[in-house]
Amino acid sequence: SSHLYMSRTAHLVDEAEIDGVLSRFTQLNVLHLQGLAMAGDDIIDKINGAPCARIVKELSLGGCALSYWCPMSLRLPNLRILHLKGGFIRVSIAGLLRESSERLEGLAIEQCSLVRDETIHEISPLLRNTLLDFQLNQCTRLRSPILQFHALQSLKLVGGFNIQRFPNFDCPNIRHLDLSFCVKLTSEGLANVLATIPELETLKLVKCCRLQSLDLPSKKVRIVDITYCHALKDVRIASPELRDARTLACL
């Protein structure tokens with residue numbers, strides 16, 4: 001098998017059994033570990049020591065418990081996609097990626113309430129020229145994250161309830177942007193972003209309640225979703241390529 005899904009709902013009861021399961025698979029490309037909080041920080045050592053460590057391309061950690069003091073980095077030289085989900089992940093993400101960032105193209109961090117603006121600032125130097133897809137969904141402590149990823153094509157910050165602006169935004173190649181449910185995002189904060197991404201094709205702003213105006217200069221936009229932006233009064237879209245404009249409960 002090239003995929004392995006391991007969950008606490010299975011019969012795994014101790015760390016030795018986790019080691020036993022991982023040792024059986026030598027050709028895994030995708031590894032999903034869910035709810036293995038019992039292993040604590042040691043789960044990183046177990047992943048690094050697995051026979052598939054040198055070939056695994058996608059890793060998902062959900063509900064695992066990684067502490068502030070976790071001393072280990074992932075050592076997965078061919079890792080392309082990393083997905084972290086759950087409030088128990090407190091480890092320095094930059095430290096976690098330090099030895100596996102060279103080929104990383106996709107990073108998703110979801111429902112991690114301890115992710116802060118400085119977390120994003122720390123990982124920027126590692127992934128500035130490689131990251132293509134970045135998701136920061138329901139990371140509710142983000143307020144003014146500095147995003148500087150030159151290769152990035154897709155950015156999602158759904159449910160960033162406290163985000164107001166993006167200072168020093170530098171992601172010029174974004175094609176798909178989703179800021180839905182960023183309920184404190186201001187018109188000025190959004191405008192500063194849109195002015196720097198001329199390749200934008202898809203923009204989603206569902207329930208961005210504080211937006212009063214939208215000036216979209218990209219000539220390549222095909223899809224715009226401003227559903228439930230109740231305060232939005234002024235919309236300007238320059239793109240002749242527009243095919244789908246969703247405006248339910250706004251304007």
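Tutor: Here is a short walk through the model.
Tutor: This is a predicted model, with local features needing pLDDT of at least 70, side-chain atom pairs counting only at pLDDT 80 or more, and totals for chains, interfaces and linings using all residues. Residues are numbered from 1 along each chain as its sequence is written, and side-chain values use heavy atoms, leaving out hydrogens and water.

Student: What does the pLDDT average over the protein chain?
Tutor: The average is 90, and 94% of the residues score at least 70. pLDDT is the predictor's confidence in each residue, from 0 to 100.

Student: And where is the pLDDT below 50?
Tutor: Over residues 9-13. Beyond near neighbours in sequence, that stretch has 8 contacts in the model. Contact means heavy atoms within 4.5 Å.

Student: Strands next. Is S2 mostly covered or open?
Tutor: Mostly covered: of the 5 residues in S2 (residues 30-34), 4 are buried. Buried is under 20% relative accessible area, exposed is over 50%, and partly exposed is in between (1.4 Å probe, protein chains only). Strands are DSSP runs of E, at least two residues; helices are runs of H or I, at least four, and both are numbered from the N terminus.

Student: In what sense do S2 and S3 pair?
Tutor: Parallel, over 5 bridges, with S3 spanning residues 58-62. Pairing takes at least two DSSP bridges between the strands. Gln-34 stands opposite Gly-62 in S3.

Student: Which helix does the chain cross through from S2 to S3?
Tutor: Helix H2 (residues 42-49), in a right-handed β-α-β crossover. Right-handed means that, with the strands pointing away from the viewer, the path from the first strand over the helix to the second runs clockwise.

Student: Switching to the core. Which residues touch the most other members?
Tutor: Leu-107, Phe-134, Leu-147, Phe-149, Leu-177 and Leu-205, in the largest nonpolar core of 75 residues. Such a core is a set of buried Ala, Val, Leu, Ile, Met, Phe, Trp, Tyr and Cys residues joined through side-chain atoms within 4.5 Å.

Student: Where does Ser-180 lie?
Tutor: In the loop between strand S8 (176-178) and helix H5 (187-194). Ser-180 is buried, at 5% relative accessible area. A polar atom of its side chain lies 3.1 Å from the backbone nitrogen of Val-206.

Student: Last one. What is the phi of Gln-111?
Tutor: Near 55 degrees, a positive value in a residue other than glycine. Gln-111 sits in the loop between strand S5 (106-110) and helix H4 (117-127). Its relative accessible area is 35%, so Gln-111 counts as partly exposed.

Key. A polar contact is a pair of N or O atoms within 3.5 Å; within protein, one must be able to donate a hydrogen and the other to accept it, and residues adjacent in sequence count only if both atoms are side-chain atoms.
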